[in-house]
Structures are given as structure tokens and as C-alpha cells.
Amino acid sequence: TFAHTSPPTHSFSTLPHLCRCAVITAATDDSAPSTGPVVIAGVSESLREGKATVSLSSMDGMACQSLDGIYCAACSTGAGTAPLTASNSRCLDVGARTVSPTVARGLPWLTPARMQKWRPLFYLPETEVLALPLGLAGQRAAVSLRQLLKDTQLHSARRQCTGLSVPLLPLIGFGQVVEISMLQLAEAAHASKLLIFGLSSLEEWTSSWFCAQERSPVCYFNISGGGACVKARAHTTAPAAARSRMARRQSRLSGRVIVLPGYSQFGTMWTSAQLIRFLFDSMPDVVRQEVDRRRVGVFPRGQSRAPTIGLHVRRGDSCALKARFCPFNMSVYFEAAALMRARYGANSLLLATDDETAAAMCAARTHGFDCRTASIDRRRFVSSTSIELRVSEAAHVRGGAADPLSGSAVALDALADIEMLAECDYHVLVLRSAVSRLAYALSLGRRQRHTPLISLQHPWPSSAKKKKD
């Protein structure tokens, strides 16, 4: 079936196929009920309304349809599937770890122990797959969901400035903030409500020199009724106890896995792709100008270019977290890109990184790549303290436009990196990172097809139980 043009009227308890995960409310105020079955990965628990539960086995069989309309047998995580061949129904479950013996031989550092630890994903389809016509079902569903978002988030603002209130966002990285915004956007759309971000819901990542009084995600994305609802949003505030740094750190919600009823047939990656496309399409002109300014000389918008591999190297504070992919030998990133080049012939490389060494290797044409990367101050990322905590300190202690850790300066750099990566034709990413997830989702949302992908750590996040694979 195709997606609904309006939210389905079923109750959540009558939709057993939707998820394996816990429902949360977007608002931080505990008095606000959960209004829709939008989910994040987690343990099953009772819903606030109806006390209905969702079994962990209920997602089996979901998201087995690829975007070209082929039914794929290899799907078990609900993340979605991507075709591997043009002649039959061989597909890849994008939520499951996968690596072939041939790939492993091409990357000798990828030992069985490292594969088990990092759970990489390799989507390397036949070249003929990249020329397949877009599936009609996927295109119709995408148009339908975008219309639903416009109807609830843009047209509804003309009628009233009430809806799903989000007075405060967790103190997390900027990429995760965008993911949480997508989660809350989906919840509001399902409930046919306007998403109302409090005017001061995101002070750390919004600087007064750029955002003025708009200290919320609305500074970067024209949602929540925009300027028409400023007065209503100024009164959307969280209790004082919830605003403390510790309380906001403890509320680190994960918005990686999003299920929207009526739009689940292509998997949670596809759903995220439509949401992030809607947000990027709604950028105010001043934000678009700042993003484009950062792209000049690196990856200008609308300029014809050779097929390009997008490489994301995330290090900085993540190297202090032992659970993150952060190899001592930096060449492994470029070796993975070389594997992609060997299969598809692309020698142009776009590097998005917070690491000075990786940028220097790009400039040195490591592995013979024609490599480009943004010219930014990467020394600000060298720390064992999480970037959001240092940005928070800058916002409350310094916070000027010249401060390299100004929230808006870092956020705009991230938005530029996400968009440049999304416009690449092939991807070597680390899906453990929110920036990588957002870049690949934006690519999928705009193209309506999967690009070849190597994720050096983790497949697409899924709500399925981890299996020994």
C-alpha cells in the first residue's frame, strides 16, 4: 500500500506491525502525554495512553520492499532494504552488519575481531543498479509524506500557534539535536499538530549574534510557525529543575530510529530521509547563505563535477569514547575510499572531518585522490570533553561571533558538511556518528535511491535485537 495523505485514524494498539521499541513523548515536560506512535530504539514498555505494549517480534516482515518495488527476502531489522543486483531480488538489509570475504581481503586491517566489534556495513551493488528507474511506490510515498509535513507544519501555522510543545531539548551534540527534531516532527505530523519549539529550547547551539532571540532549532529550520508564533513560543518554557545541565545530560534521548504510521513500508532509514529533506528544504535564506558560503571553493552548489566519494572522518572528542571507531592508523579511512574507487571508478573525494591529520592527508592526495575539504579551524575539536559541553561553556561564558566554539559557528559548519556529503555519489561514513547518518539520509531523501555505502562502524540503527552475525 502507498502512504496515507493524512494521518491514519487507527489507535496504536491496532497497529502491531509498527515497531519493536519504546514510545517516548517529544516534550520534556512529564505532564505532556505521548500523542503518537513515534519510536526510538529501546526496551518495550507500556505506552502512556492505553497501556498497550508492542512485542519485540512485531517488526518482522516490515520494510521488505525496496525503493525499486522489489520484495526483498533479506530483511529483519526494519531499517529497510537496498537492491544489490538489477536482475533479481537480491537485496541488503541496511540495518544488519554485512561484509563479504572479497571486501575483507581488500581491507586487511578488517580482521574478524574488528568486524565483530565495529559491525561495519558494506553496500556495494552492481553498477547497473545505480541506473535503475526510480520506483513509483517510493516516489508516491515520498510526495505524500512531504505533503503531510507541509499541511501540519506550514499550513497549520496560519490557523493557530498551538500544537505539540517542546520547551527544552537535551544537551547533546548538534547532529543528535537534528535527529531529535526529526523525531518530534514525525510525532507532531502523526498527531496532525504543529511542532512548537520553545523560543529558548536550544541556547547552546544557537548564538545571539546569528539567531538573535530565536534560540531554538527554528533558527536553522523554518518550522514551528516561524515568526508568526514567536509570542506563543516565548511562553513555552520548561521547569527550572529540568533546565540544569545535569538534568539535560540525563535526558539524552536517541532519535535514531523513527517509525511513522502509514509510512513504514520502506523502513526507518527511508522515513528519516524524508524528514531530514523536509528540514533542509525549510532552511531560512540567511542560513542557506551561510551554508553556501562555507561550500565555496570546496563543493559549490549546482556546479557540475566528476563522480565523487563522500568521506566522513569523525574523531575529536569521540576518540576519548572507547566505543567509537577511532583507529590509530588514519589511512584506513582512505583505504576504504580506495575500495569504493576500485569498484566504481570515482577518484574525486570530498572529506568532511574535525581532524587536522585527516585534512592534511587529503591535501597530500593520499592514495592519489583528488581530495577537497573545508578550510576550518579544527584545533577547537581536539579535546576529551564532549563538544556540546564545551559549546555550552562558550555560550554562557564567551559566546561571541569570533569564538571558534560559538554554537552557531559549529552548527553551520556541520550543516555545510552534511549537505556536501549528501550530494556525493558514493559514501564512506561512520553511521555511529549523527553527521554520517544525517548525510546519508539526506542523500536518500533527495535522490530516492540508495548510494553505494561503506560504514566503518555500525549499519543503520535498528530496533531489532542484536544477533550474532
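Aspartate 413 is buried, with a relative accessible area of 13% (buried means under 20%, exposed over 50% and partly exposed in between, with a 1.4 Å probe and protein chains only). The model is predicted, so local features need pLDDT of at least 70 and side-chain atom pairs count only at pLDDT 80 or more, while totals for chains, interfaces and linings use all residues. Residues are numbered from 1 along each chain as its sequence is written, and side-chain values use heavy atoms, with hydrogens and water left out.

**Aspartate 413**
- Helix H13 (residues 407-422) holds aspartate 413; helices (H or I, at least four residues) and strands (E, at least two) are DSSP runs numbered from the N terminus.
- Beyond residues up to four places away in sequence, aspartate 413 touches Arg294, Ile376 and Arg380 (contact means heavy atoms within 4.5 Å).

**Aromatic pairs**
- There are ten aromatic pairs, defined for rings of Phe, Tyr and Trp (its six-membered ring) with centres within 6.5 Å; planes under 30 degrees apart count as stacked, over 60 as edge-to-face and the rest as tilted.
- Phenylalanine 174 and tyrosine 220 form an edge-to-face pair, because their ring centres are 5.5 Å apart and their planes at 80°.
- Phenylalanine 174 is buried at 6% relative accessible area, and tyrosine 220 is buried at 1%.
- Tyrosine 344 and tyrosine 426 are stacked, with centres 5.1 Å apart and planes at 20°.
- Tyrosine 344 lies in helix H10 (residues 331-344) and tyrosine 426 in strand S11 (residues 426-429), so this pair ties together parts 82 residues apart in sequence.
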